[in-house]
Amino acid sequence: MGKPQSKDERRKRDIGYQENRRKKLDDLGENKVTARLDKITHKRLANLCENLGYPRPEAKKRNLVEIYSIAIIHLINREFSILGYNPKSPVAKELYQLHKIVSHLRHDEYYSDNEIIEKMKNDKRRTPRALLNEGTSCNWTDKSIILLLDEKKVIKKIHELDNIAPNSISSAD
């Protein structure tokens, strides 16, 4: 065992630790986010952190903020890398938003086609056909949902709407 530290030595050590910690957190980013997760989602987040090669987050472990931050950064970057760029035109942006909403309702919320149709009608969201034809129809069908869940077709259409050839997409957009 080492020599017992005096109160002043411990205080100095703790201040040094806090300064280093603050610098590390500032390097991750300037914005703080607080989130509440249910048990299943928290377990999935822990799995994601572990899959990314970091220690599995557990209560009262050190560096949880860093591990969670890296996982969130990964998810956000992955979300925006699906297209390879950010849609530019208002129609392309709205089509992508419709795709993300329908995809979320189906895969994350486990809505049936009928529940998605009802939700989109209640939210007064234009159908993809209305959007592309500059219409106002909110008359959703199974076909609308099937088309929006086909990620390749949606991405192709967004590229067409923005007049971008798939080979000309850069990660800088």
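Mentor: Helices (H or I, at least four residues) and strands (E, at least two) are DSSP runs, numbered from the N terminus. By that rule the protein chain has eight helices and zero strands. This is a predicted model, in which local features need pLDDT of at least 70, side-chain atom pairs count only at pLDDT 80 or more, and totals for chains, interfaces and linings use all residues. Residues are numbered from 1 along each chain as its sequence is written, and side-chain values use heavy atoms, with hydrogens and water left out.

Trainee: In what order do the elements of the protein chain run from the N terminus on?

Mentor: The order is α-α-α-α-α-α-α-α.

Trainee: What radius of gyration does the protein chain have, and what would a compact globule of 173 residues have?

Mentor: The radius of gyration is taken over C-alpha atoms, and the globule rule is 2.2 Å times the number of residues to the power 0.38. A compact globule of 173 residues would come out near 16 Å, but the protein chain has 23 Å. Along its principal axes, the C-alpha trace spans about 75 × 35 × 25 Å.

Trainee: How do I read burial, and what percentage of the 173 residues is buried?

Mentor: Buried means under 20% relative accessible area, exposed over 50%, and partly exposed in between (1.4 Å probe, protein chains only). Here buried residues make up 24% of the 173 residues. For total area, the method is Shrake-Rupley with a 1.4 Å probe, and for residues only the protein chains shown count as cover. The protein chain exposes about 13,200 Å², with carbon and sulfur atoms supplying 51% of it.

Trainee: Where is the largest nonpolar core, and which residues have the most contacts inside it?

Mentor: In soluble globular proteins, nonpolar side chains tend to be buried together. A nonpolar core is a set of buried Ala, Val, Leu, Ile, Met, Phe, Trp, Tyr and Cys residues joined through side-chain atoms within 4.5 Å. The largest one here has 18 residues, and those with the most contacts inside it are Val-102, Met-120, Trp-140, Leu-148 and Ile-158. Helices α4 (90–107), α5 (113–122), α7 (142–149) and α8 (151–161) each supply at least two residues of this core. The most comes from α4, which gives seven residues. Apart from this core lies another, of seven residues, among them Leu-48, Cys-49, Leu-64 and Ile-67.

Trainee: Which residues does Trp-140 touch?

Mentor: Contact means heavy atoms within 4.5 Å. Not counting residues up to four places away in sequence, Trp-140 touches a list that includes Leu-98, Val-102, Ile-117, Met-120, Ile-145 and Leu-148. The list also includes Lys-121, Arg-125 and Arg-126. Over the protein chain, 53% of the contacts between residues at least 6 apart in sequence join residues at least 24 apart.

Trainee: Is His-99 buried or exposed?

Mentor: His-99 lies in helix α4 and counts as buried because its relative accessible area is 3%. Leaving out residues up to four places away in sequence, His-99 touches Leu-148, Glu-151 and Val-154.

Trainee: Where is His-42, and what does it contact?

Mentor: His-42 is in helix α2 (residues 39–51). At 34% relative accessibility, His-42 counts as partly exposed. Beyond its neighbours within four places in sequence, His-42 is in contact with Leu-37 and Tyr-68. His-42 and Pro-57 are 15 residues apart in sequence, and their C-alpha atoms are 9.6 Å apart in space.

Trainee: How far apart are the C-alpha atoms of Arg-11 and Glu-30?

Mentor: They are separated by 27 Å, at 19 residues apart along the chain. Arg-11 is found in helix α1 (residues 7–28) and counts as exposed, at 57% relative accessibility.

Trainee: What is phi of Lys-124 and of Glu-134?

Mentor: Phi of Lys-124 is near 55 degrees, a positive value in a residue other than glycine. Lys-124 lies in the loop between α5 and α6, and is exposed, with a relative accessible area of 65%. Phi of Glu-134 is near 60 degrees, again positive in a residue other than glycine. Glu-134 lies in the loop between α6 (128–132) and α7, and counts as exposed at 71% relative accessibility. Glu-134 and Val-91 are 43 residues apart in sequence and 8.9 Å apart in space, C-alpha to C-alpha.
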